[in-house]
Amino acid sequence: MNRVRFAPSPTGFLHIGGARTYVFNWFFARSTGGQMVLRIDDTDTGRNTEESLRSILDGLKWLDLPWDEQHSQSDRRSVHVQAAQSLLAGGVAYRDFTAESDTREDRTDGAPWLCNPGMREMSSAESDRRAEAGEPFAVRFRVPRERPDGVAFKDLVLRKQFRKYADIEDFALLRSNGLPTYHLASTVDDGDLKITHVIRGQDHLANTFKHIMLLEALEYDVPTFGHLPLLLGPDGSKLSKRRHGAVVSVTSYRDMGFLPSGFVNYLCLLGWSPKDNREVLTLKEIGDLFQVENVLRTNATVQFGEDGGADQVDPKALWLNGQHLRNMPVEDLLPFAERALRDAGWWDDAFGTGRRDWFAAAVNDLRSRLNLLTDFQLRCRAYFVDDFDFDPKAKENLNKDGVRDLLKRLADRLQGVSDFTEENIEAELRALAAQEQVKAGLLINGSRAALTGQPVGPSAFRVFTLVGQQRAVERLRRA
């Protein structure tokens, strides 16, 4: 069985790039009948925070792509240390007693730091004596740099990869404080948890050569590796939390009003596309079509404005989300609409009980012009509560000569309609327009403005039935 993992570090919010990595892993697992493992890589104890962990978990849960197992590296520290000790005992690793300041930064000839020969060639007896005397040391992997060959593997995305042993430094396994490094903990956990495929960003490519050596030295099965193209910001730089801020946070998109399915669809198209070049895809369709071999090798760009507002996110992301909002089954949309109304303080419990059919019908009609869930708050207030503001264009429609007086007369006519249907409402409105010798559009635009405060919306006569007879009459008179 295929097993993949997503291994975030709890040092900040869930980044768009991290979310895309999770999404690609998840679809690979589901499309091959495999399992998705969430592993919290919390070896960096100096930077880990509970707040970051909560933010990451919140973002992943919002994506609504559940994982099968969850682990934390900090719970497995003894396993990591034991692995390093076994490598040390077998001569595959060695102790490095170099003072922390005496590192690769001390090189002045511009050559890459590969090892400290004095530490690498130290006898086992001398190394044991210094360790027993309490001298602090790091543990480093002994790269077989004397060999003329190197590490080769076939990448799922980048194809053939190779690096000579002579070009790989003796990387640390344990720090001088005894804590495992990323290389050791990640590799041991991949092997111990029987991960079959490691799909991660291209910025990890250099690490993979080290990890393959380490996996082989520990006699683990070597996973198949795939390295995803990077995500770039509008300025062409690598997308990052530090450079671009909260706009690259997954929860920012959640708070803007994106649907999980719309956002996942958008993430998938940042570096992957189905062979038929479709763009609007349900989660099931993505699962049926996804193949990691079809991931592009070129970097993808995420568009957004400087302030990161909803009106400045990638237009394609907005368009895709709007397509999902309009096309998903209305029953699936109702919980999201309810949450939007609750957040705005407009929720009426009757919407979920006695008026549920009306609520479903209203949401179904209103969504045709929306792109975000927050648009229910910004553009649909008048359908759910009685106090609302007027758009300037709507005010223009109300202020045209004679419109307000005509709306009073329309209210009187509609008050007496026994069957408040679109057909009957239209008949009364057109009869009044003919009687007063004005264009029906004058009354249509004016009544829409009076009922909703907006110049556009659902079909003109549908607006009346959505607002309801009593409220419609009151609003026409109030205007």
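A salt bridge here is a side-chain nitrogen of Lys or Arg within 4 Å of a carboxyl oxygen of Asp or Glu. With that in hand, a search of the whole structure finds 36 salt bridges. Keep in mind that this is a predicted model, where local features need pLDDT of at least 70 and side-chain atom pairs count only at pLDDT 80 or more, while totals for chains, interfaces and linings use all residues. Residues are numbered from 1 along each chain as its sequence is written, and side-chain values use heavy atoms, with hydrogens and water left out.

**Salt bridges across the chain**

Side chains of opposite charge can pair when their charged atoms come close.

| Pair | Closest N to O distance |
|---|---|
| K210 and E169 | 2.5 Å |
| R356 and E331 | 2.8 Å |
| D68 and R30 | 3.2 Å |
| R471 and D386 | 3.3 Å |

Let's take three of these in turn, starting with R471 and D386, a salt bridge at 3.3 Å. R471 lies in helix 22 (residues 469–478) and D386 in the loop between helix 16 (381–384) and helix 17 (392–398), so the pair ties together parts that are 85 residues apart in sequence. Helices and strands in this report are DSSP runs numbered from the N terminus (H or I for helices, at least four residues; E for strands, at least two). How open are these side chains? For that, buried means under 20% relative accessible area, exposed means over 50%, and partly exposed is in between (1.4 Å probe, protein chains only). R471 has 16% relative accessibility, so it counts as buried, whereas D386 is partly exposed at 43%.

Next up is the salt bridge between R356 and E331, at 2.8 Å. R356 sits in helix 14 (residues 356–366) and E331 in helix 13 (residues 330–344), so this pair connects parts 25 residues apart in sequence. R356 comes out as partly exposed, at 32% relative accessibility, and E331 is partly exposed at 43%.

Then there's D68, which forms a salt bridge with R30 at 3.2 Å. This one also links distant parts of the chain: D68 is in the loop between helix 2 (50–63) and strand 3 (69–72), R30 is in helix 1, and the two are 38 residues apart. D68 is partly exposed at 38% relative accessibility, and R30 is partly exposed too, at 31%.

Salt bridges also form a network, which links R5, R39, D41, R76, D189, D190 and D192.

**Strand 1 and its partner**

Strand 1 pairs with strand 2 (residues 35–40) in the parallel sense, over four bridges; two strands pair if DSSP finds at least two bridges between them. Within that pairing, R5 has V37 of strand 2 as its bridge partner. The chain gets from strand 1 to strand 2 through helix 1 (residues 16–31), and this β-α-β crossover is right-handed: with the strands pointing away from the viewer, the path from the first strand over the helix to the second runs clockwise.

The protein is divided into domain 1 (3–68 + 188–231), domain 2 (78–174), domain 3 (241–326) and domain 4 (337–478), with bounds from an automatic or database domain assignment. The centres of domain 1 and domain 2, taken over C-alpha atoms, are 24 Å apart. Contact means heavy atoms within 4.5 Å, and 20 residues of domain 1 are in contact with 24 residues of domain 2.

About 1800 Å² is buried between domain 1 and domain 2, with carbon and sulfur atoms giving 79% of that area. Buried area is the accessible area (1.4 Å probe) that two parts lose on being put together, summed over both. On the domain 1 side, F209, K210 and M213 lose the most area to domain 2, together 35% of what that side buries. The count of salt bridges between domain 1 and domain 2 is one.

**A hairpin and a loop**

Strand 6 (residues 150–155) and strand 7 (residues 159–164) run antiparallel and are joined by six bridges. A hairpin of three residues connects strand 6 to strand 7, and V151 has R163 of strand 7 as its bridge partner.

R142 is in the loop between strand 5 (138–141) and strand 6. Leaving aside neighbours within four places in sequence, R142 is in contact with G91, V92, A93, Y94, R120 and D170.
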